[in-house]
Amino acid sequence: MTSVTEARRSAPRAPDPGRRPGRAVDHGPWFLVLPALIPILVLSVGPLLYGILLAFTDAQSGRTEPTRWIGALNFQDLLHDTLFWESFRIGLVWAVGVTVPQFLLALGLALLLSQDLKLRRLARALAIVPWAMPEVVVGMMWRIVYNPDAGLLNETLRDLGLGDGRDWLSGLATALPAVIVVGVWAGMPQTTVALLAGLQNTPRELHEAAAVDGAGAWRRFRTVTWPAIRPVALAITALNLIWNFNSFALVYVLTSGGPGGRTRLPMLFAYEEAFRYGQFGYAAAMGCVMVAAISIALAVFLAGRLRGGDTA
């Protein structure tokens, strides 16, 4: 009996299915992620945390005294800064004014380019040309178009007998609409590409079945096309709102925020406070407010999608 008992004790036991076997943590996946994670931490998360920290200080350029911690004083001053909130309002008008027509025109262009037309590939290539151009080049090109003396727009109006033209970028009533037109033109290609990709994934059989059932073009779009591209449309619209609200280079080249602050977007306002007036702490507080506003808007958008059951 003793030898049998000892044999049972020395025999390896089968693993208990009710217990989780203890094992060493595999760090291999982390080493694979690090090459992509380090640039994000260094170039995105690090500057963001530093900017948040800077917003609670009185950091200024050219001062000899050490930077002091002042708590929420910058944010208190920001609450009463009517110029900043006016720029915030202009930023919202700009973002919506660019995003909405940008989406509508891009949707129409994507529907057109999805048809079996002659030279369709050439048309698709030409449609993305504005996307390939740097914003500085786009701004300089449109400054020539809007030139009050020899610009293409004013020359066309004179040839058509519609007046002597005007200074579009310097007029208080025309500066913001003129800049919005440029923003729509420059940002439409990426929206077109995204929507065109969604249209290409729509099964052709659904359109054929709807046509056999007697559905017209509008009904086919409403019942077949739009449900198929809706996730893509919502995603690209949300991204466009964020990108347009954070615009800087295009408007800076066109108007530098003028005339009279009519095109001074929040990013331009923060840039002037930081690099023209040297108020780094105050400008960082503006950046924190803009990041918070965009984060809240994005959270509301994502919550709406989740409540609607749209996980695509």
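A: A term to begin with: contact means heavy atoms within 4.5 Å. This is a predicted model, in which local features need pLDDT of at least 70, side-chain atom pairs count only at pLDDT 80 or more, and totals for chains, interfaces and linings use all residues. Residues are numbered from 1 along each chain as its sequence is written, and side-chain values use heavy atoms, with hydrogens and water left out.

Q: Which residues does Thr255 touch, not counting those up to four places away in sequence?

A: Thr255 touches Leu169, Val179 and Thr263.

Q: Where is Thr255 found, and is Thr255 buried or exposed?

A: Thr255 sits in the loop between α12 and α13; helices are DSSP runs of H or I with at least four residues, numbered from the N terminus. Thr255 counts as buried because its relative accessibility is 13%, where buried means under 20% relative accessible area with a 1.4 Å probe and protein chains only.

Q: What joins the side chains of Thr255 and Thr263?

A: A polar contact of 2.6 Å. That term covers a pair of N or O atoms within 3.5 Å; within protein, one must be able to donate a hydrogen and the other to accept it, and residues adjacent in sequence count only if both atoms are side-chain atoms.

Q: Now the largest nonpolar core. Which residues touch the most other members?

A: Trp94, Trp142, Tyr146, Val182 and Leu254, out of 22 residues. A nonpolar core is a set of buried Ala, Val, Leu, Ile, Met, Phe, Trp, Tyr and Cys residues joined through side-chain atoms within 4.5 Å. α9 gives the most to this core, with seven residues.

Q: And what is Trp142 in contact with, beyond four places in sequence?

A: Val181, Val182, Trp185 and Leu254.

Q: Pockets next. What volume does the largest pocket have?

A: About 520 Å³. A pocket is an open set of points on a 1 Å grid over the protein atoms alone, where a 1.4 Å probe fits, with protein on both sides within 12 Å along at least five of seven lines; lining residues have an atom within 4 Å of a point. Volume is the space filled by probe spheres set on the points, which are joined across faces, edges and corners.

Q: What about the second largest pocket?

A: The second largest pocket has a volume of about 430 Å³, and α14 gives the most to its lining, with eight residues.

Definitions and conventions:
Helices (H or I, at least four residues) and strands (E, at least two) are DSSP runs, numbered from the N terminus. Buried means under 20% relative accessible area, exposed over 50%, partly exposed in between (1.4 Å probe, protein chains only).
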